[in-house]
Amino acid sequence: MQHALVVEGGAMRGIFASGVLDAFMSESYYPFDFVIGVSAGASNLVCYQSRQPRRSYRILTELAISDNFLSARRFVRGGHLIDVKWLWEESKRRFPISEQALYSACPFYVTMTDVDSAESHYHRVNPSNIDPLLEATCALPLAYKATPQIDGKRYTDGAVGDSIPVKQAYQMGAKRITVILSHPEGYEQAQTRYPWLMKRLFRQYPSLSRAILKRAESYNQALDFIANPPADCQVEVLAPPVEFDVSRLTMDLDKLNQGYQMGLQVGGVYLSRKTANARANQMSLTG
């Protein structure tokens, strides 16, 4: 039975997943046959796959709160609101990736959205494509002005087409899926309040515009899959508690630290339950 790990994005909300994955790393928990990440979820998985605990935490709490990453002034002047390429390149410089561990780990897929067709694409990470893949999956429309290209195709934020790629994991053969969400369980995404504005802002990309307008629907369909998976599939969910107070662009260090600790705790509880279940099964077999 193939076991997949799916990690949702959410920009700074990714601090929760960074805590969960650090808890996994502290116990050398690597049971997955493949992993899929979206946006910040993909960035978190780089650290997990390379077995570098607290790397993602440091990126979020030292680099992502910098004006070099988020700048309203730069945005008003026509530049990026969030500069994902700077963050990726600076994170590699400040916290070099353990490439040997990264590329010897299980297959790692990154989700992106084709700008022209609005279709979701899932590319496996390798040494030659990791840079454009990580830039593309985090390229939030409008907030990031560049349009990354891979193999002649233009891409944007993976969350536009598939925020939580659990269906994709299932289609790739996973019959057991562990999902790390960036919203508490019970959350449902609301429809955009200003569809006319989205159509106007993305009038040059009609397919992408339609995908953005349908994003809430596709997001909630993924949540429905998680809650009601096919009979031959098991889905486990790790989600932040309701008091998780980190938004997409939270820069408050105290809130980020609290969110990280919540991730550590949820990840620790999950692993403790796994250990207890394994012991109970062993006792039943030997009894």
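**Helices, loops and burial in a predicted chain**

Colleague: Which residues of H1 are buried?
Modeller: Helices here are DSSP runs of H or I with at least four residues, strands are runs of E with at least two, and both are numbered from the N terminus. A residue is called buried under 20% relative accessible area, exposed over 50% and partly exposed in between, with a 1.4 Å probe and protein chains only. In H1 the buried residues are Gly 14, Ile 15, Phe 16, Ala 17, Ser 18, Gly 19, Val 20, Leu 21, Asp 22, Ala 23, Phe 24 and Met 25.

Colleague: What kind of model is this?
Modeller: Residues are numbered from 1 along each chain as its sequence is written, and side-chain values use heavy atoms, with hydrogens and water left out. Local features need pLDDT of at least 70, side-chain atom pairs count only at pLDDT 80 or more, and totals for chains, interfaces and linings use all residues, since this is a predicted model.

Colleague: How far apart are the end C-alpha atoms of H1?
Modeller: The expected span of a helix is 1.5 Å times one less than its number of residues. H1 covers residues 14-26 and has 13 residues, so it should span 18 Å, and the model agrees, with its end C-alpha atoms separated by 18 Å.

Colleague: Which residue just after H1 takes a positive phi?
Modeller: H1 itself is mostly covered, with 12 of its 13 residues buried. Just beyond this helix, a positive phi of about 50° is found at Ser 28.

Colleague: What is the radius of gyration of the chain?
Modeller: This radius is taken over C-alpha atoms, and the globule rule is 2.2 Å times the number of residues to the power 0.38. Along its principal axes the C-alpha trace spans about 70 × 40 × 40 Å. For 287 residues a compact globule would have a radius near 19 Å, and the chain agrees with this, at 19 Å.

Colleague: How much of the chain counts as buried?
Modeller: The chain holds 13 helices and 8 strands, and its accessible surface, from the Shrake-Rupley method with a 1.4 Å probe and, for residues, only the protein chains shown as cover, comes to about 13,800 Å². Carbon and sulfur atoms account for 48% of that surface. Of the 287 residues, the share that counts as buried is 51%.

Colleague: What percentage of the contacts with a separation of 6 or more joins residues 24 or more positions apart?
Modeller: Contact means heavy atoms within 4.5 Å. Among contacts with a separation of 6 or more, residues 24 or more positions apart account for 75%.

Colleague: Is His 123 buried or exposed?
Modeller: His 123 sits in strand S4, residues 120-124. Leaving aside residues up to four places away in sequence, His 123 touches several others, including Phe 108, Leu 133, Ile 150 and Tyr 155. With a relative accessible area of 17%, which is under the limit, His 123 is buried.

Colleague: Which helices and strands do the buried residues of H11 pack against?
Modeller: H11 covers residues 206-213, and 6 of its 8 residues are buried, so this helix is largely enclosed by the rest of the structure. Its buried residues are Ser 207, Leu 208, Ser 209, Ala 211, Ile 212 and Leu 213. They pack against S3, strand S6 (153-156), H8, helix H10 (195-201) and H12.

Colleague: What covers the buried residues of H12?
Modeller: H12 runs over residues 215-227 and reaches 18 Å from its first C-alpha to its last, close to the 18 Å expected. Its buried residues are Arg 215, Ala 216, Tyr 219, Ala 222, Leu 223, Phe 225 and Ile 226. Their cover includes helices H8, H9 and H11 and strands S7 and S8.

Colleague: What is the phi of Ala 118?
Modeller: Ala 118 lies in the loop between strands S3 and S4, and at 15% relative accessibility it counts as buried. Although Ala 118 is a residue other than glycine, its phi is positive, near 65°.

Colleague: Does Leu 142 count as buried, partly exposed or exposed?
Modeller: Leu 142 is placed in the loop between helix H7 (130-137) and strand S5 (149-150). This residue is not a glycine, yet it has a positive phi of about 75°. At 35% relative accessibility, Leu 142 counts as partly exposed.

Colleague: How far is the C-alpha atom of Gln 265 from that of Phe 16?
Modeller: Gln 265 is in helix H13, and at 56% relative accessibility it counts as exposed. Gln 265 and Phe 16 are 249 residues apart along the chain, while their C-alpha atoms are separated by 9.8 Å.
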